[in-house]
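Student: I have a chain to go through before I set up any calculations. Can we take it feature by feature?

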Amino acid sequence: MTLPHGFVIALDRHTRVLDGGRALVGGFPTRLIRLTPRAQRLFTGATMRVRDAASALLADRLLELGMANPVVERLPAPPEPRYTVVVPVRDRPRQLARLLASIGAGQPVIVVDDGSRDPKAVAAVVAEHEARLVSLPVNVGPAGARNAGWRLVTTPFVVFADSDIVLTPDTLPTLLRHFADPRVAMAVPRITGLPVPRAGWIARYEHARSALDLGAHPAAVRPGTPVSWASTACTVVRTDALEGGFDDRMRVGEDVDLCWRLIERGRRVRYEPGATAAHEHRTRLDDWFLRKAVYGTGAHPLAERHPGFIAPAVFAPWSLAFIALLLVQRRWSVPAAGAVLAGVSLKIARKVDGTRHPHRLALRLTANGAFGAVTQTSALLTRHWWPLTVLGCLVSRRARRAAAVAALADLALEYRRDRVALDPVRYGVARRLDDLAYGAGVWLSALKGRSSAALRPRISR
């Protein structure tokens with residue numbers, strides 16, 4: 001499967017051009033690629049257009065490494081852009097009517113009533129919008145309901161949209177352009193929040209930090225990268241790529257499981273923030289807190305199915321040693337941690353020898369790696385491992401210092417980045433409640449499954 005002529009890519013924001021275009025460094029994990037003079041001529045600034053077999057091969061390689069992304073507005077529409085929308089729903093007729101209105105007339109829609117308490121209300125909305133209704137006698141969960149719908153699909157693409165989603169006219173046409181890449185099996189939009197009148201502090205926090213919002217930058221979805229999973233609250237999938245559909249034994253995390261199964265089969269999943277869909281976020285504190293905990297309970301089932309993908313953090317051996325030295329908090333710890341960074345920097349400089357400033361590049365890459373290790377450790381202490389952090393704080397002054405630094409640094413960095421319409425105090429409370437709920441869900445799932453797989457970091461070279 002090769003990229004078609006006319007396919008356009010642009011270097012990712014994390015990819016650096018070195019030595020006047022003779023080399024590229026970036027990707028996940030970070031790689032250095034040296035370009036031949038012929039390859040250099042394929043680029044116009046930071047973009048490249050596929051013109052022949054050689055350019056198709058290079059573009060495909062850069063996409064695979066996460067060093068470039070498709071320029072979606074310059075991609076052609078797929079030759080057969082026909083799709084069917086599958087909507088799983090349980091009650092919520094008002095939200096369903098809003099979604100069906102946003103889809104527009106003329107598109108085939110299958111609404112799967114997943115054991116509603118008031119099926120007549122759902123049926124009335126479906127009839128009003130001339131959609132097809134599939135009624136399930138008992139509630140089987142989102143995975144089973146979606147499966148019941150997609151098994152009836154005969155179009156090349158299937159769109160899954162939850163009933164609390166609202167589409168824009170450009171959402172689906174934009175996502176469909178990604179399928180010009182024959183390896184793409186799934187494309188997902190950016191999930192934003194529906195405006196809420198008189199939004200409270202939880203609503204404002206959720207609009208800035210929803211778990212469904214994967215950020216402002218396009219990316220390949222792949223474990224171990226900034227966008228490691230994708231939700232199927234709204235997604236477009238090649239119908240023939242589903243191969244069994246969702247795992248209907250899973251009540252939560254079934255969308256992550258599908259995404260990772262596609263990746264394991266060598267297919268691509270794209271995140272496209274240029275396409276958006278609005279979501280009705282939970283805004284009541286109790287409802288919101290419970291949902292965050294429920295998200296966490298999907299960790300152990302995912303760890304059973306994808307043991308290599310589920311790790312809450314990924315460390316290189318050197319970064320693990322660097323973090324361990326910092327956590328010891330002795331007088332010699334900082335110099336020793338600095339020595340680790342110096343050794344790593346020298347090793348990287350040897351690998352990038354031949355570039356114009358190898359030591360400067362090595363220092364930058366080492367600093368990025370150290371910063372990533374610190375932020376991952378902060379997330380472990382405040383989110384995934386918070387029960388252990390609490391126990392440590394009860395008996396150790398060093399643990400208390402580490403927890404305080406992790407919590408404050410986390411808030412300082414993310415508050416500035418999120419630009420949330422909320423004061424720092426309430427933002428901080430919401431952030432810690434978010435971590436508390438999700439981490440509790442992870443621990444409950446681990447205890448129930450009698451396995452720590454979902455809590456163990458992965459060591460990768």
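Student: Where does Gln329 lie?
Tutor: This is a predicted model, so treat every value as computed from it. Phi of Gln329 is near 60 degrees, a positive value in a residue other than glycine. Gln329 sits in the loop between α11 and α12 (333-351).

Student: Is Gln329 buried, partly exposed or exposed?
Tutor: Buried needs under 20% relative accessible area, and exposed needs over 50%. Gln329 has 24%, so the class is partly exposed.

Student: What is phi of Glu243, and is the residue buried or exposed?
Tutor: Glu243 belongs to the loop between β15 and α8 (254-264). Its phi is near 45 degrees, positive although the residue is not glycine. Relative accessibility is 51%, and the cut-off is over 50%, so Glu243 counts as exposed.

Student: Which residues does the cis peptide bond join?
Tutor: Look in the loop between β3 (23-26) and β4 (31-34), where Pro29 is found. Omega is about -5 degrees for the bond between Phe28 and Pro29.

Student: How many residues of strand β11 are buried?
Tutor: In a regular strand the side chains alternate between the two faces of the sheet. Here Phe157, Val159 and Ala161 are buried on one side, and Val158 and Phe160 on the other. Strand β11 (residues 157-161) is therefore largely enclosed by the rest of the structure, with 5 of the 5 residues buried.

Student: Which residue is the bridge partner of Ala161 in β15?
Tutor: Strand β8 (residues 83-89) runs parallel to β11, joined by 4 bridges, and Tyr83 stands opposite Phe157. Strand β15 (residues 234-238) pairs with β11 in the antiparallel sense over 5 bridges. In β15, the partner of Ala161 is Cys234.

Student: Which element gives the most to the lining of the second largest pocket?
Tutor: The pocket holds about 280 Å³ of space. Its lining has 16 residues, with Leu327, Thr377, Leu381, Trp385 and Ala402 nearest the centre. Two or more lining residues come from each of α11 (317-328), α13 (358-384), α14 and α15 (397-418). The top contributor, with 4 residues, is α15.

Terms used:
Residues numbered from 1 in each chain as written. Predicted model: local features only at pLDDT ≥ 70, side-chain atom pairs only at ≥ 80, totals over all residues. Heavy atoms only, no water. Buried < 20%, exposed > 50% of the residue type's maximum accessible area, 1.4 Å probe, protein only. Pairing = 2+ DSSP bridges. 1 Å grid on protein atoms, 1.4 Å probe; cavity = no way out; pocket = protein on both sides within 12 Å on 5 of 7 lines; lining within 4 Å. Points joined across faces, edges and corners; volume = space filled by probe spheres on them.
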